[in-house]
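Open the model in a viewer and follow the stops below. Each one names a selection and then says what is found there.

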Amino acid sequence: MLLRGEAGIGKSALVEEFVARNAANAHVLLGASDDLLTPAALGPFWDFARDEVSLVEHLENSDRSRVLGVTLDLLSRALRPTILVFEDTQWADEATLDAIKYLGRRISTTHGLLILTFRETEVDYDHPLRGVIGDLPPSRVVRISLSGISVSAVAEIIGETGLDPDEVLAATGGNPFLVTQVASTGGAVPSSIQDSIMARVRKLSPEFRRVLTTLSVIPERIERREALRLAGSGEPQVAELERLGLLEVEGETVAFRHELIRRAIEASLTESDRIVANREVLELLPNDADPARLVHHARMAGDTDRLVDLAPRAARAAAAVGSHREAVDHFRQLTPLLERVEAAARGPVLDDWAREELLQDNIAEAIHLNELAVLHYQRMGNRVAESAALGRAAQCYEMAGERARAEALGRQAVEVLGPDPNGLDLARAIELNAWLATMAGDWEATLELADQAWDAAGNDADEWITIRCLYYRGTVAAVRGYPAGRPFFNEARERAAAAGLWYEECRARVNAAWDAYEAMDLPVALDLVNGAIASAVQHEQPLHENYGKSLKSRLLELGGNWAEAEDLARDQLDSAAISQMVVRPLLGALEARSGRSSARATLSRAWAMAETAAEFQRLAPTAAALAEYAWIYGQPAVPEAGTVLSLEDLIWQGFEWSAGSIALWRWANGEVIEVPRGVSKPYRVLIDGDPLAAAEMWSTMGCPYERAVALAHGHPEAQLEALEVFEDLGATAVAAKVRKSLRNKGVAVPRGRGQKTRDHAAGLTARQAEVLALLDEGMSNIEIADALFLSRRTVEHHVSAILGKLGCATREEAVAIAMGRGLLPDA
């Protein structure tokens, strides 16, 4: 249940009433997120733990997997349903949001209800809550949007105050809380809610006002004993403020009766008063308090000395429970203060910060931080730490598609250790180079370097080195004889999970999926990639989540699910280069097949990125897409691009399917080629002159487009069948090519499908159809993003795709064309 509305509209009151009516028949757990500058990790779950002690141990141990497992068990209790309430999710930390996503995707298998409340005015277009809501299964989601109360309800609230209900309604917009506050003044309608609240506060004694002033800078519920100490007050003062409706005491905790009260009082403070109040809070809170709270007050107090000390603590605490986005937020507080971090601590801070940026798929930021770390360790004369930083920088450059720079740094990582390095330090530096060799497809070097790393580590080899070496051996084994690598990947994944090395666990999953894809074991690859994406989401690894989704888009395309594949692929265009290099050739091919003019630019960009990356796994799919473009249109998209790739080298590297695809398109383009041994069988069979047998093989594998391509090279009856498939898929440009070929042979060709049918077949994806309908309503990109819970950049990508598919230049033209073709819901 998604319950949205502005502050004070009655979300909490509605939830409280619902819970009260169902408390006898259900387990109820209430949790809330607080308006800290950087929220506390898993904040609502600590609230749940007050009533559900089974969560306490796992929260204290920062064991997020067990927290999620226990919570799922609670939701699955059979005798009575469980109601889990997450209030104010607009302030939720990343770990909480991912937990909601994890539980929401599984809610249909439980006996529970999730209730999420959020303030729609605070969920902007790039707010992470949008992504969470967008991923929840629509069939299991009910949405309620609360609006203002009626004038009759206003009249009932203000009673005999003498206020005019219409004036109050106009001033408050029917917000129940604001109406109540206005009514409590008993006078004229104040110009703002702050006036209304402060009118009540000013009637209090200085002692009571001081309590409220101090507590107003604390944007969360706090323990009663802390409130008494911070405010310098006693139980009678708190009890009286509760009676007056300003504070609320619940068990052993205290908070303002409503967040608007706190904000109004805080807003009334001068800047100097606010700083003083935050400094008092910071001084009185114990040093072992939640570091996120300490950082918040240090920032608000302008205490940079404490911030320099506290921000890394808060970041590492957040990272420990998997709140990697919050960790990045904390680390970024140090951006202007790095020189104030003690020299001995600065390097580790840079290392940890760079890692968190990497996990969030912020490759450019991670590169910058790793390079700062390299310079810092050079000045400190710490060669071991410098080697490690060089290795991390090399990894990031490879992910950014800059292989030459990555290789240079990889060599330096070994050289800087000198002639007699520590074994484990040398092993880590060599391992980085083994990874670079793997990405380049140099299998002999991969095994040689992996063995060198293992030998260098000797008896000091830890789980990290062990897992990495398993990964390299698995990759080479898979290339030489799929699925021989799977036991290595499985062991690497299991070891990583047992050690809590979630980056490595996700990596093992992604690479197992990729190897199944390279072997065209499509059902297994799809199953593995779905598992990889789920693990990446659970452990907040956007880097691996985006890469997994990029691979999934390829699998969907092969299975004929072009619309879904395109939507998923376009969502990755703002991801790191490693993900973009997977999806750009796919998008270029889909655009070419459907006759979109954007195909040439898309493929040109894809080839430029692949050339810089200089890795066969990036070059081969792009070369195949370019060759296919040349077959469809009779001219190259990028002259000379892809022609230098050796089919023999591709086969030796283990890319026999990519080699087959390139061989097919070169042959179809009239090149005289000798198909090397090792090219995958369906392509060889087609080139050798048996298109029907090749089509049957593709049919067995579930690849409709490849089947149709094979049929298109057969006799006229087969070509007519291919034409039908191309039109079903939306490959209108390919269908036109086949139709022309048949007519040139004197074959009677059925008329092409009507415009509306072709548009539906080629058509706009489900998401693009939604965007088009909203364009018809005159919405801007920002308004569409708000309506569909997408980022503005994603909407821009979809609008661009719509214009390309409809062959127009402006939004207005797109709407006019869609209206003329009957593509709009109301047409």
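The model is predicted.

**Stop 1**

Select residues 222-223, 247-250 and 253-256, which are strands β6, β7 and β8. They form an open sheet of three strands in the order β6-β8-β7, with antiparallel pairing. β6 and β7 stand at the edges, and each has a single partner strand, so one side of each has no neighbour in the sheet. β7 and β8 run antiparallel and are joined by four bridges.

**Stop 2: the nonpolar cores**

Stay in the area and select L215. Leaving out residues up to four places away in sequence, L215 touches I222, A227, A231, L247, F256 and R262. L215 is also among the residues with the most contacts inside the largest nonpolar core, together with L212, Y705 and F726. That core has 183 residues, and α33 gives the most to it, with eleven residues. In soluble globular proteins, nonpolar side chains tend to be buried together.

For the second, separate core, select L2, A49, L129 and V132, which are included in its 33 residues.

**Stop 3**

Select residues 616-633, helix α33, and pick out E628. Is E628 buried or exposed? E628 counts as buried, because its relative accessibility is 4% and the cut-off for buried is under 20%. Apart from neighbours within four places in sequence, E628 is in contact with A589, R593, W665 and Y705. Y705 was named at the previous stop as one of the residues with the most contacts inside the largest nonpolar core.

Next go to A614, in the loop between α32 (599-613) and α33. A614 is not a glycine, yet has a positive phi of about 55°. A614 is partly exposed, with a relative accessible area of 43%.

**Stop 4**

E540 lies in the loop between α28 (522-538) and α29. The relative accessible area of E540 is 1%, so E540 is buried.

Move on to H544, in helix α29 (residues 542-558). H544 is buried, with a relative accessible area of 7%. Which residues does H544 touch, not counting those up to four places away in sequence? They are Y503, C506, R507, V510 and A536.

**Stop 5: a cis peptide bond**

Select Y482 and P483. The peptide bond that joins them is cis, with omega about 5°. P483 is found in the loop between α25 (463-481) and α26 (486-499). Most residues other than glycine have a negative phi, and most peptide bonds are trans.

**Stop 6: a helix pair**

Finish with helices α15 (residues 271-284) and α16 (residues 291-301). Their axes are 8 Å apart, and the helices pack at an angle of about 150°. The crossing of α15 past α16 is left-handed. From α15, show R274, I275, N278, R279, V281 and L282; these meet L294, H297, A298, M300 and A301 in α16. By class, this contact has seven nonpolar, two polar and two charged residues.

Methods
Residues are numbered from 1 along each chain as its sequence is written. This is a predicted model: local features need pLDDT of at least 70, side-chain atom pairs count only at pLDDT 80 or more; totals for chains, interfaces and linings use all residues. Side-chain values use heavy atoms; hydrogens and water are left out. Axes are lines fitted to C-alpha atoms, for helices over the stretch in contact, and angles run from 0 to 180 degrees between N-to-C directions. Helices (H or I, at least four residues) and strands (E, at least two) are DSSP runs, numbered from the N terminus. A crossing is left-handed if the near helix is turned anticlockwise from the far one by less than a right angle, and right-handed if clockwise. Contact means heavy atoms within 4.5 Å. Ala, Val, Leu, Ile, Met, Phe, Trp, Tyr, Cys and Pro count as nonpolar, Asp, Glu, Lys and Arg as charged, and the others, Gly among them, as polar. Buried means under 20% relative accessible area, exposed over 50%, partly exposed in between (1.4 Å probe, protein chains only). Two strands pair if DSSP finds at least two bridges between them. A nonpolar core is a set of buried Ala, Val, Leu, Ile, Met, Phe, Trp, Tyr and Cys residues joined through side-chain atoms within 4.5 Å.
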